[in-house]
Structure formats: structure tokens, C-alpha cells
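Reader: Could you take me through this one carefully, and spell out your terms as you go?

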Amino acid sequence: MAWKGAEMSKKILLVIAVVILLAGVGSLVAQRPGGGSQSAESGAIPWREPPPLAATDAEEKILKVLEDMYLNQRRGMMNVQPEDGRVLRLLTEAVGAKNIVEIGTSNGYSGIWFCLALRTTGGKLTTHEIDAGRAAQARENFKRVGVDGMVTIVEGDAHEMVKNLKDPIDILHLDADKEGYIDYLNKLLPLVRPGGLILAHNTTNVASSMQDYIKAVTTNPQLETHFIHTHDQDIGVTLKKRQVK
């Protein structure tokens with residue numbers, strides 16, 4: 001059934017292309033007078049495109065908590081930008097991810113974006129955090145939105161703790177020590193399923209400390225990588241190709 005694998009890979013690449021297009025449209029909206037761009041000081045997330053709309057009361061609650069976290073908790077947390085969070089949610093739901101592994105929990109901001117999609121896919125998130133204070137804050141935030149039952153926070157040095165992972169990974173999210181990305185990739189790529197994704201945050205902004213990682217994901221013929229630029233950050237999106245026989 002190799003053709004099915006090829007078709008799924010095409011669908012994933014199509015989703016990535018749509019995300020890139022939306023990011024570009026968002027930038028144009030932000031630059032256009034009256035386009036709806038706001039500053040954080042205005043008391044709302046400074047969306048560069050129309051904000052997400054809640055389909056249910058539960059989704060609205062989660063989006064409100066995400067807004068509160070952006071406005072009141074992000075200082076010193078090195079969170080992803082809201083636009084990046086939307087990309088994480090979109091890709092997770094598009095590929096029907098059941099098992100997400102995240103390196104770098106912080107206060108749980110990106111994890112909650114993942115959970116918006118995992119509520120519909122029936123999946124789970126395992127997220128690693130070395131700082132006990134941030135892990136505790138993340139637990140509270142996951143409880144606030146009612147997704148704590150689908151999240152496992154692993155405290156400690158992720159370089160060591162990931163050795164305990166055994167299950168196939170649908171999405172691997174790297175957002176921790178940039179110089180450590182290559183080590184995480186080497187240890188976890190064998191677990192990423194064919195057709196799965198590796199999402200690496202801030203790859204090109206700090207390229208000097210990530211040359212080994214960038215080389216690894218752009219020179220391996222079994223991988224396909226594109227860098228999505230959103231706001232002042234970026235996400236390296238790497239597809240682990242299915243084998244065509």
C-alpha cells in the first residue's frame with residue numbers, strides 16, 4: 001500500500017504549504033492600515049491575522065486562558081508566539097497525531113495549543129521540563145483548561161529522560177536548549193513514525209548554535225524540511241518520509 005503512504009505525505013506537505021500562505025497573508029494584514037493588528041499593551045494578543053474562533057464553549061475557555069497566559073505569564077518563559085501556537089495546533093489535528101513528545105514545557109503555553117488538537121484526535125502529550133518551578137506552573141495551567149488528564153510532565157534533564165521513551169511518536173516538538181537539538185534528534189528520530197513530524201522552534205534565528213541540527217534535517221534523504229517564518233520566530237518543519245516500495 002505504498003501509494004497510500006505517498007498520498008498521506010502529499011497531504012501533509014499541502015497542509016504545510018497552506019500554513020506558509022496563511023503566515024504571509026497575516027503579515028500583509030498586519031501592515032495594512034486598519035488591518036486589525038494590535039499591541040500587547042492594548043490588552044489583547046497582537047494577532048497578525050484574524051484571531052481564532054471557538055467552535056465550542058470548551059474551546060473558548062482554552063483560548064481565553066491562552067490569551068491570559070500571553071498577557072500575564074510570558075515574561076521570562078520563552079514561549080512560542082501565538083501565530084506559532086496556531087501552527088502547532090493545525091499540524092497536530094491535520095496529521096491526526098495521537099502521541100506528541102515535547103522538549104521544553106515552560107509554563108505549558110505551547111502544550112495547550114497542542115491539546116486543542118489532541119482533544120479531537122484522542123491523543124496525549126508527554127512534555128519534558130528541567131525547571132521545577134516552570135513545571136509546577138504548567139501543571140496549574142493544564143488544570144485550568146481541563147487537559148491535565150492527557151498530559152504527562154516529565155521533570156529532569158530531557159537528554160537523559162527521553163531514553164525512557166518507547167512508543168512511536170507522531171510529532172516531536174523541540175523548544176529547549178538549542179545546542180541540544182541534534183542530540184534530541186539523534187535519540188528520538190528512530191521513534192518518530194514514518195509520516196511523522198519534527199517541529200523545531202527558533203532554528204534559523206540562532207543558526208550559529210544549530211548548524212549540526214540544520215545540516216542533519218536538510219541533508220538526510222529520508223527527511224523533508226521546510227522553515228516556516230512567523231512573526232519574529234520560525235519553525236523548522238521536518239517530515240519523516242514513508243518508504244515507497
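Author: Helices (H or I, at least four residues) and strands (E, at least two) are DSSP runs, numbered from the N terminus. This is a predicted model, in which local features need pLDDT of at least 70, side-chain atom pairs count only at pLDDT 80 or more, and totals for chains, interfaces and linings use all residues. Residues are numbered from 1 along each chain as its sequence is written, and side-chain values use heavy atoms, with hydrogens and water left out.

Reader: How many helices and strands are there in the protein chain?

Author: The protein chain has 8 helices and 7 strands. Of its 245 residues, 49% are buried, that is, under 20% relative accessible area, with exposed meaning over 50% and partly exposed in between (1.4 Å probe, protein chains only). If we take contacts (heavy atoms within 4.5 Å) between residues at least 6 apart in sequence, 72% of them join residues at least 24 apart.

Reader: And what is the mean pLDDT of the chain?

Author: The mean is 86, and 80% of the residues reach 70 or more; pLDDT is the predictor's confidence in each residue, from 0 to 100.

Reader: What about N202, buried or exposed?

Author: N202 counts as buried at 15% relative accessibility, and its phi is also a positive value, near 55°, in a residue other than glycine. Its place is the loop between β5 (192-201) and α8 (211-219).

Reader: OK, helix α7 next; which of its residues are buried?

Author: In α7 (residues 181-188), the buried residues are Y181, Y184, L185 and L188. They cover an arc of only 100° around the axis, so they lie on the same side of α7; the arc is that of the directions from the helix axis to the C-beta atoms. An α-helix has 3.6 residues a turn, so residues three or four places apart point the same way.

Reader: Then I235, what is it in contact with?

Author: I235 belongs to strand β7 (residues 233-240) and is buried at 1% relative accessibility. Neighbours within four places in sequence left aside, its contacts are D84, V87, L88, L199, A200, H201, H226, F227 and I228. Although I235 and H201 are 34 residues apart in sequence, their C-alpha atoms are 4.6 Å apart in space.

Reader: Last one, where does T121 lie?

Author: T121 is in helix α4, and at 10% relative accessibility T121 counts as buried. Again leaving aside neighbours within four places in sequence, T121 is in contact with T92, E93, G96, A97 and K98.
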